[in-house]
Amino acid sequence: MGRSNGRRDVRILLVGEPGVGKTSLILSLVSEEFPEEVPPRAEEITIPADVTPEKVPTHIVDYSSQEQDENILLEEINKANVVCVVYSVDDDETIDRITSYWLPFIRDNLGEDHNTPVVLVGNKTDLVEYSSLDMILPIMNQFEEVETCVECSARTLKNISELFYYAQKAVLHPTAPLYLPVERDLTEKCKKALARVFKICDMDNDGSLNDFELNDFQRRCFNAPLNPQALDDVKAIVKKNVDDGISSTGLTLKGFLFLHTLFIQRGRHETTWTVLRKFGYDDSLFLSKDYLSPNLKVPVGCSTELSYKGYQFLHKLFEKHDLDKDGCLSSLELQDLFSICPILPWGPELPYTVPTSEKGWVTLQGFLAQWTLTTILDVQRTLEYLAYLGYIYSPDDNQLSAIHVTREKKIDLQKRQTGRNVFQCHVIGPQGAGKTTFMQGFLGKTLEQQENLNKAHLSRYTINSVQVYGQEKYLLLHEIDIFGINDTLTPPELQCDVVCLMYDASHSRSFEYIARIYLKYFSDSRVPVLIVAAKSDQEPIRQEYLLQPSQFCSKHKLPSPQYFSAKNGIKKEVFVKLATMSAYPLFKAAWKLFYQHSRSLRRLVHVLLLRPTPTWLTEHLRQISQVPYSSDPTIWLKAGLGMAALALVGVFIVKMLKSNPEKR
């Protein structure tokens, strides 16, 4: 496994004029004593991760102009993570060569804006009683890639370990992306990244971090809370140095940025980097690919839903940004919520996709429904935005805990039960049949309310929650147009949990479209099909087809046609039926009984479906499902009474088995 910053190892290259002591520095580090005989060049050495301060394997490479040519030098510079330019503190000429040759040479080969840090190393401090830093500081100001300068002595071992620690640190915790030395200020990218971190940690969205939020931030980043005295000291430092750094409710963004500026100025870059990497940033201060898109495998036949943790996070996010506590998010509140994301994940189609308030603002129900839709259709987008929004459930968690991958659908069919909570319904029919009205009706919009809809922003999808036997499920409707009598459907248009074939009851040729679609694609399919007659408030017209809709359904053992109109209020029964058919795709008799008989009988059917079903009972269910669908109420009364009796017998058997486990 790589480190949190994504780097698996560090490669340090030592260059400089002949005789400055490059090889001696390496050998002194390894043997912990000064070598009396020094070879022209040290072989590459590797320091194991467990003996380095940052716990990263470190490779140290020596360059010798006596044994290697310029081509090898170029190759090593390109491979290096950090370049140490070594000079001798007692030789001004080697210092001059830093600016006249080495730094320009590195720039020429890596580019003016290269990201490879450089550490200046002044060796042989045992030979002088003064420091070379006065000569080095102007060089550090002139060349931004110079990370730091270390003076040391290979002979006395002074600062040898520190030299390689700072070289390693320059790679793992570089200064350049964070700080502008000339301006003595954070870079704009760093400010933007820290502002995102601040906003995520501001749980009550009041513009400051109170003591609880600061401690939560500390635990998240450093796995330990701040003790009360340390917390007071931090506030005192900020209050002393920054106007408005501390408000009546806690640490402000201005104070938060000041603290990180102070850390960097005091050489504690690793503190700021630890924070940034905990929130997904790479060495260039972009959110890393691994953070935005953790690897998620979704086998064929499985679907993706939000887990309890995912819904809980989104619920809290909604409440955090519902500042006026009116139960919905206004346009401004929604923009504030997604202000730490590159773009808004949804467009103007949102009010036509999920439930909203009368003002068209998304409610909590609609907010969760939209995320449910995104997760089942484009789970990678959900993972990406959860990352932007700072999803975390525990210190070692990532967005994958917010996602539930369902088991394969064929297993659900074999076991005749499903754990899925989201079902896809394809609403298929000719243009003008009333599909859009049906889709918007699912969101509770009557025909009068739909007259003012902006058709340019209408979505092909709508999603809402429905109750199936007392359990909340999500039903996702997807509108699919048929453009001609002999139109074809694509494979993705056939993949769903239930099909709603819709025709216009007031148009004589409308039913033929869906009849042909059914015979062509769904007559031998295991996908449940429900035929819906739209515009049922108008005078029904005889269909110009071989069979009338009710006869067609009876012949093909389909549920009777359902009638729908959005003119005088929305009846939810048809949507509940579609969801029920999705949840129990094999129990056709149960669908019919569920909608044609008493409430108590519905409960019995539900109990029977959930209980372990004996083989003889399953066979009887199958036989009942073969009874022709008739409008004669006496037939279905008998079937209903028979079904009720079977249900009672099934429950009795289960209770007997439970009370006598030894007989199982």
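This is a predicted model: local features need pLDDT of at least 70, side-chain atom pairs count only at pLDDT 80 or more; totals for chains, interfaces and linings use all residues.
Local features require pLDDT of at least 70 and side-chain atom pairs pLDDT 80 or more, while totals for chains, interfaces and linings use all residues. Residues are numbered from 1 along each chain as its sequence is written, and side-chain values use heavy atoms, without hydrogens or water.

The chain has 664 residues, of which 50% count as buried (under 20% relative accessible area, 1.4 Å probe, protein chains only). Its secondary structure comprises 26 helices and 21 strands (DSSP runs of H or I, at least four residues, and of E, at least two, numbered from the N terminus).

The structure holds 26 aromatic pairs (Phe, Tyr or six-membered Trp rings with centres within 6.5 Å; planes under 30 degrees apart are stacked, over 60 edge-to-face, the rest tilted). The ring centres of Phe338 and Tyr385 lie 6.4 Å apart and the planes meet at 85 degrees, so this pair is edge-to-face. Phe338 sits in the loop between helix H13 (331-337) and strand E14 (362-363), and Tyr385 in helix H15 (residues 379-388), so the pair ties together parts 47 residues apart in sequence. Phe338 is buried at 3% relative accessibility. Tyr385 is buried at 2%. Tyr503 and Phe511 are also edge-to-face, because their ring centres are 5.2 Å apart and their planes stand at 80 degrees. Tyr503 is buried at 3% relative accessibility, and Phe511 is buried at 0%. One aromatic cluster is formed by Phe318, Phe338, Trp346, Phe367, Trp371, Tyr385 and Tyr388.
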